[in-house]
Amino acid sequence: RGKVLYANNMRGYGNLIIIEHTDGIVTAYANNKSLNVKEGEFVSRGQKIAEMGKSDSEIVKLHFEIRKFGKPIDPLKFLPKQ
């Protein structure tokens, strides 16, 4: 669960969503084709928040970041094991 802090276009990131979670964790999802959420909205795990695309990019890709208190951290620690 998290709160959408930002859902708009940002130069260099295209259509960007930033979500604030607990314990100082923030996730960012960039280069989306379209956004399905708005700033201030609460989202849940598994909810579709965007359509992946190539806004501000030459190819279809997703830029994903996790930060804790502003410092980047390895997302593999939070993703399910394959």
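Let's start with a pair of side chains: Lys48 and Glu51 make a polar contact at 2.4 Å. A polar contact here is a pair of N or O atoms within 3.5 Å; within protein, one atom must be able to donate a hydrogen and the other to accept it, and residues adjacent in sequence count only if both atoms are side-chain atoms. The model is a predicted one, in which local features need pLDDT of at least 70 and side-chain atom pairs count only at pLDDT 80 or more, while totals for chains, interfaces and linings use all residues. Residues are numbered from 1 along each chain as its sequence is written, and side-chain values use heavy atoms, with hydrogens and water left out.

Back to Lys48 and Glu51. Their side chains also meet in a salt bridge, with 2.4 Å from N to O. The term stands for a side-chain nitrogen of Lys or Arg within 4 Å of a carboxyl oxygen of Asp or Glu. Lys48 is placed in the loop between β4 (42-43) and β5. Strands are DSSP runs of E with at least two residues, numbered from the N terminus. Is Lys48 buried or exposed? Its relative accessibility is 52%, so Lys48 counts as exposed; the cut-offs are under 20% relative accessible area for buried, over 50% for exposed, and partly exposed in between, with a 1.4 Å probe and protein chains only. Glu51, at 34%, counts as partly exposed. The C-alpha atom of Lys48 is separated by 8.6 Å from that of Val37, 11 residues apart along the chain.

Val37 takes us inside. It belongs to the largest nonpolar core, nine residues in all: Val4, Ala7, Ile17, Ile19, Tyr29, Val37, Val43, Ile49 and Ala50. Such a core is a set of buried Ala, Val, Leu, Ile, Met, Phe, Trp, Tyr and Cys residues joined through side-chain atoms within 4.5 Å. Strands β1 (2-10) and β2 (14-20) each supply at least two residues of this core. Which residues does Val43 touch, leaving aside those up to four places away in sequence? The partners of Val43 are Arg1, Gly2, Val4, Ile19, Val37 and Ile49, where contact means heavy atoms within 4.5 Å.

Met52, Val60 and Leu62 form a surface patch with about 280 Å² of accessible area together. For patches, residues need over 30% relative accessible area and no salt bridge; nonpolar side chains (Val, Leu, Ile, Met, Phe, Trp, Tyr) are joined within 5 Å, and like charges within 9 Å. Met52 sits in strand β5 (residues 50-52) and is partly exposed, with a relative accessible area of 46%.

Now for the second salt bridge. The side chains of Glu65 and Arg67 meet at 2.9 Å, N to O, and Arg67 is partly exposed at 32% relative accessibility. Glu65 lies in strand β6 (residues 63-68). Not counting residues up to four places away in sequence, Glu65 touches Tyr13, Val26, Thr27 and Ala28. Of these, Tyr13 is found in the loop between β1 and β2 and is partly exposed, with a relative accessible area of 34%. The C-alpha atoms of Tyr13 and Leu35, 22 residues apart along the chain, are separated by 13 Å.

Finally, a word on backbone angles. Most residues other than glycine have a negative phi. Asn31 has a positive phi of about 65 degrees although it is not a glycine. Asp23 has a positive phi too, near 60 degrees.

Notes. Helices (H or I, at least four residues) and strands (E, at least two) are DSSP runs, numbered from the N terminus. Accessible areas come from the Shrake-Rupley method with a 1.4 Å probe; for residues, only the protein chains shown count as cover.
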